[in-house]
Amino acid sequence: MNTLRFYLALWISKSVYTLMRLLKRNATHYPGDVALKIDPAFLKHIKSPKKIIMITGTNGKTSVTNMVLDVLIQDKQPIIHNALGSNILQGIATSVLAKTSIFNTSRYDLAVLEVDERSSRLIIPYLKPDFLIINNLFRDSYRRNAHVEFIIQILQDFIPKTTHLIVNADDMFATQVIQDRLFTTFSLQPISDEVTRTDSKIHDGKLCPHCFNPMSFTYVRYHHLSHFLCPTCGFTNPTSHVVASLTSIQSQQLHIHTQNQTFVIHRENPSINDAYNTAAVFGLFVAMKDDLNKRVEQLGQIKTVSSRFSEMLVKNKRIVGLLAKDQNPVANSRLCDFLTTQPQWGRLGLCFMSEVHAHEDHPKEVENMAYIYDTDYEYLNECDVTQVMLGGHRRFEYKARLLLAGLNRSALVLTETEDDEIQAIDLNKVDTIVLMYSTKNIFEAMDLREQLIARIEKECV
Amino acid sequence: MIIEWLNPEGTMLFGDRGNWMLLQRIFPEATLIETPLHSIPAFTHQHVDLLCMGSMNERMQTQMIQWLRTYQQDLKSRIQNDLGCLFFGNSQDILGLRITRKNQFVQEALGLYPFSVTQEAIKRYNALVGIQTKYGLILGHKSTFSLLHDTQELPSFGKVVQGFGHNIDDPLDGIHDHHMIATSLMGPMLVLNPHFTKHYLKEITQQEIIIPYYEDLELAYEAKKKEFELSSHFVYEK
């Protein structure tokens, strides 16, 4: 170890961190960047906290991380975390260095870190997690994440053998990572009144990932989350250690069966995703051999704050905010499916705001829109969509895609920029306006929501 | 019109479905055959006008090679007899001599064309690509682990005017042999390049082609073309 280089990196990056905090800047990424530029092996050299819990996977990482933190924080133990920061290498480095002394001792014993699955290879070999939750593995950005097999390979290659995995047993891809490792699996039983969706364009598990023969399914929740069996090689769901169940989709009592005991967790806002997330977190506590009765009580007390969904009524209009993760066809297909389940929202005006570079006049790159051809926009034909606002550089591509999906041409309204979408909505034609924003455009979308509120208050009865 | 897509479950990975959607709209009366992996391809025993294949993961490439090796000579002779073929994304890799992965594992490929492929597992090459072809300027994206080498004898699809070609130093891209076109451009190339689609389909069918939403697709193409002129994006993800 080059001691001088490491300590220079630590001291300078900590100074940068302190300075940025004093200036009330968002010190969640840059200090780590500085540290890694000075010492590329910074994470290898920095003293790890005694216990590290990590959360990775495609969808739901942030929610699961927040749930774990909300529970563990009740133990009054200080925790290193990146809940407000970045989940890639620089963000993780920042979170850890901030709680490390200038003599390279970790001031906290416990870390809970959300880790981007693509970046995990740069993080988990050094900050070796004791426990790692893999909530699910789906297609994501084609540019960055390539395909699910690529992410599985990264996780298989780089997760230390000492790490205890907590894995979704309904996910045929996530379960492939458990080979030769300690693991705890969780699953969610089919729900009696659950409406499953089996007609998506995206089902990467139709062929067995081991022998490539057709897979058979006794139950498909959505995409490849399923009860599967390969008739040729026998590949099937692993036995689940933590089995979650809901008596109905609206039930606020999540039943969890494990180790011959049944626990009941009260959930305020039940949903399939929330049930999976809760089961994952409970699986972690089972793996940690925690006092489960205490954890059940704590889990029942926490409230899930969603950055992915918001709803408000302004005069006679409903405004809904939905995160339409950019470059992610699964998340967008789930969103379109969700819209089909909300007939009470009446006539829909959809504002597409998920273009990554929409708010740059001259973006340096042209966003790859291939993913919109894997997104199930055809589901929108099942809703009463009266207006679709398409603004920004990619508006013509969206229009072409939606026409191919069968949407009515007269419903498609093109504006030069996303900012113009709000003014172009015909408020007489809609009951609900859905703002579909991306992870990159959250603040802009919130501004546009304010403009929309002002317009409705001025123009509607 | 009979159109066959080889193993759509495994070779529509990166928006290739857009091509299939558009072909269905252009030829509503066509017979569309989706041939599952390891079954007998239709082109080997019946007339097919257009054969398609799209992007796949690297393990699927091995499966496709093992499957199609039986029909290698058949495919070769049908290409020489003007079978229309559109092979998108990394499906072109399997047409060459071999694929070398992580500098060690060598996968013998179909050997239809003289080139080899290297794949470094973690390096993903991403680029905006403009290719000047006999059909005009083709625009698209590449996101690939594959680079093609030893391509001197390849009948190329076109010359790259933006991005990179067979590999970082090669200005040529793709393969164009009779009516067979292979290109490393990913995703919905037919939708993104309507002038190409019209021209190429007319060439293989000898009929006038009416493309639904043609003006809308052209507007999208022209908008993209303007932006390409301002961009020179090329990266690989670490």
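Author: Helices (H or I, at least four residues) and strands (E, at least two) are DSSP runs, numbered from the N terminus. This is a predicted model, so local features need pLDDT of at least 70 and side-chain atom pairs count only at pLDDT 80 or more, while totals for chains, interfaces and linings use all residues. Residues are numbered from 1 along each chain as its sequence is written, and chains are lettered from A and ligands numbered from 1 in the order in which they are written.

Reader: OK, what's the strand order in the open sheet of chain A?

Author: The nine strands run E2-E3-E1-E4-E5-E6-E9-E10-E11, with mixed pairing.

Reader: And which are the edge strands?

Author: Strand E2 (79–81) and strand E11 (261–266) of chain A, each pairing on one side only. From one strand to the next, the twist averages 15°; axes here are lines fitted to C-alpha atoms, for helices over the stretch in contact, and angles run from 0 to 180 degrees between N-to-C directions.

Reader: In what sense do E5 and E6 of chain A pair?

Author: Parallel, over five bridges, with E5 at residues 164–168 and E6 at 182–188. Ile166(A) of that region stands opposite Thr184(A) in E6(A).

Reader: Switching to helices: at what angle do H1 and H5 of chain A pack?

Author: About 90°, with their axes 10 Å apart. That makes H1(A) roughly perpendicular to H5(A), because angles of 65 to 115 degrees count as roughly perpendicular, under 35 as roughly parallel, over 145 as roughly antiparallel and the rest as oblique.

Reader: Which residues make the contact?

Author: Leu10(A), Ser13(A), Lys14(A) and Tyr17(A) of H1(A) meet Thr94(A), Leu97(A) and Ala98(A) of H5(A). Contact means C-beta atoms, placed from the backbone, within 7 Å.

Reader: What about H7 and H8 of chain A?

Author: Helix H7 (272–287) and helix H8 (292–301) of chain A pack at about 155°, axes 10 Å apart. That makes H7(A) roughly antiparallel to H8(A).

Reader: Last one: how many residues of chain B are in contact with chain A?

Author: 37 residues of chain B, in contact with 27 residues of chain A. H6(B) gives the most to the side of chain B that touches chain A, with nine residues.

Note on methods:
Two strands pair if DSSP finds at least two bridges between them. Two residues are in contact if their C-beta atoms, placed from the backbone, lie within 7 Å.
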